[in-house]
Amino acid sequence: MTTVTDADVERLVAALLEDHGDDDEPAFLGAQFDAGLARMDYPVGHGGLDAEPSLQEIVDGALDAAGRRYGWTRNPMGIGMCGPTIVARGTEEQKARFLRPIFTAEELWCQLFSEPGAGSDVAGLATRAVRDGDQWVVNGQKIWTSLAHLARWGLLLARTDPEAPKHKGLTAFIVDMHQPGVEVRPIRSMAGASGFNEVYFTDAVVPDAMRVGDVGDGWRVANATLMNERVSIGSEVAPRGSGPIAHVLEAWASCGERTPDRRDQVTRLWIDAELLRLGSLRAQAKREKGVPGPEGSVLKLLSGHVQQSCSDLVVDLLGADGMLCPPYTAGPVDPRASDEIPRHPVLAFVSSPAGTIAGGTNDIQRNILGERVLGLPREPGFDPSTPWSRIPRS
Ligand SMILES: Cc1cc2nc3c(=O)[nH]c(=O)nc-3n(C[C@H](O)[C@H](O)[C@H](O)COP(=O)(O)OP(=O)(O)OC[C@H]3O[C@@H](n4cnc5c(N)ncnc54)[C@H](O)[C@@H]3O)c2cc1C
């Protein structure tokens, strides 16, 4: 880490706003990246200043005040997961090629992990990558791939050695989503919009230079990505009383039937939302001192619960109105169009279960906490030395 002071950062942000205040969004973000103000702890020349992550607050505060702060959700997989993974495990060439357009959201990314037979047990995946000289040939199917329909690049986890134990025969790659061997088929969710997809690989080609980490090191790469994913999901520290709980209070204010039972429900949820906010602040402070740990799982659990319970209660408080839903878009949503996609209460209600599944289900988060935080024994029946090819699969 280099020694960068608060005053250094203030000076750099002031210069950014002075020189680029009138630029359009991608140009401004490009200038922010070039000034090292994209993410303080990233290396110099790759969007950061190799400095204390806590200094980012100075940047964010100043950009917020100037109306030029753009959230990570405009390229959620890229900024939240794939970018940090490239910084941690990628080559210098990969950092130079991919980090800037990830930050400016000129190139959206997707995360190609889950498969029809491997979601929670992602290490059991079957998509194969076979080496052919200085490239790899990929065949298989992924599912639930958010934003694959818009993504320029994908972070792919594939099996490169079926005879190795399941966690050891995996390798991570950056795959060009626009090549002929990649077919993306949208999935319609019950909330209407097609945010995720099936992705089919048929002799898709990945140059070896697009491998992330060593051959067989894919599980370690994937873990870095998944921990960043959980942290990203639980990291938005909304101001007190905002977010899903604000919708509850709005519905409570106009509710005709304010029973003691409902008042109790509102109060409990307010407390949970406040716990989530304070827990996120605490995790943020801890993260500033090191890499994300299993506490991301606590926040992910709590944020899924708050989101789902709040949208449940809103629909309940709305009474008969809670059954009415406007015509909703079935088309794919582009995260760059808006930082916060406007949500009708009924759409929030039908979308909310997704938060308890995406990024690892609630059950899996509890397993992680049991094993890594409480030190409980692993699930029975797991043999880390059985070759993947000999594990029965449906
Ligand atoms: C909105 C959304 C977006 C997504 N985006 C992406 C994406 O961009 N990229 C990607 O790769 N994936 C994505 N996913 C997939 C997601 O990661 C998986 O759905 C998730 O990991 C669960 O896997 P599964 O659906 O195969 O369920 P399964 O693993 O089949 O689980 C079924 C049920 O069994 C339970 N279960 C399974 N194993 C255990 C266990 N060991 N102990 C206790 N209970 C268990 C689960 O909790 C669940 O209730 C997304 C999912 C959603 C909902």
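Reader: Let's start with T145. In which loop is T145 found?

Author: Happy to begin there, with the reminder that this is a predicted model. T145 is found in the loop between β3 and β4.

Reader: Is T145 buried or exposed?

Author: The cut-off for buried is under 20% relative accessible area. T145 has a relative accessible area of 1%, so T145 counts as buried.

Reader: Which residues is T145 in contact with, leaving aside its neighbours within four places in sequence?

Author: T145 itself sits in the loop between β3 and β4. Its contacts, leaving aside neighbours within four places in sequence, include C110, Q111 and L112.

Reader: On to the rings. How many aromatic pairs does a search of the whole structure find?

Author: Good place to look next! A search of the whole structure finds this number of aromatic pairs: 6. One of them is formed by F98 and W153, with 5.0 Å centre to centre and 70 degrees between the planes. To repeat the total, the number is 6.

Reader: What kind of aromatic pair do F98 and W153 form?

Author: Their planes are 70 degrees apart, and planes over 60 degrees apart count as edge-to-face. The F98 and W153 pair is therefore edge-to-face.

Reader: How many residues apart are F98 and W153?

Author: F98 belongs to helix α5 (residues 92–103), while W153 belongs to strand β4 (residues 153–159). The pair links distant parts of the chain, and the separation is 55 residues.

Reader: Are F98 and W153 buried or exposed?

Author: F98 has a relative accessible area of 1%, and W153 has a relative accessibility of 9%. Buried means under 20%, so F98 is buried and W153 is likewise buried.

Reader: Which residue lies over the face of W153?

Author: W153 lies in strand β4. At 4.5 Å from the ring centre, the residue over its face is R152.

Reader: What kind of aromatic pair do W136 and F173 form?

Author: Here the rings are 5.2 Å centre to centre, with 55 degrees between the planes. Planes under 30 degrees apart count as stacked and over 60 as edge-to-face, with the rest tilted. The W136 and F173 pair is therefore tilted.

Reader: Why does the pair tie together parts that are apart in sequence, and how many residues apart are they?

Author: W136 is buried at 4% relative accessible area, and F173 is buried at 0%. W136 lies in strand β3 (residues 135–142) and F173 in strand β5 (residues 170–176), so the pair ties together parts whose separation in sequence is 37 residues.

Reader: Which residues make the contact between α1 and α2?

Author: The crossing of these helices is right-handed. From α1 the contact uses L16, L17 and H20, and from α2 it uses F28, A31 and Q32.

Reader: Which residue lies over the face of F28?

Author: F28 is one of the α2 residues in the contact with α1. Over its face, at 4.3 Å from the ring centre, lies R68.

Reader: Is the crossing of α9 and α11 left-handed or right-handed?

Author: Helix α9 (residues 295–317) and helix α11 (residues 362–373) pack at about 150 degrees, with axes 9 Å apart. That makes α9 roughly antiparallel to α11. The crossing is left-handed.

Note on methods
Residues numbered from 1 in each chain as written. Predicted model: local features only at pLDDT ≥ 70, side-chain atom pairs only at ≥ 80, totals over all residues. Heavy atoms only, no water. Phe/Tyr/Trp six-rings, centres within 6.5 Å; stacked < 30°, edge-to-face > 60°. Helix = DSSP H or I, 4+ residues; strand = E, 2+ residues; numbered from the N terminus. Buried < 20%, exposed > 50% of the residue type's maximum accessible area, 1.4 Å probe, protein only. Lys NZ or Arg CZ within 6 Å of the ring centre and 35° of its normal. Axes fitted to C-alpha atoms, helices over the stretch in contact; angles between N-to-C directions. Parallel < 35°, antiparallel > 145°, perpendicular 65-115°, else oblique. Left-handed = near helix turned anticlockwise from the far one by under 90°. Contact = heavy atoms within 4.5 Å.
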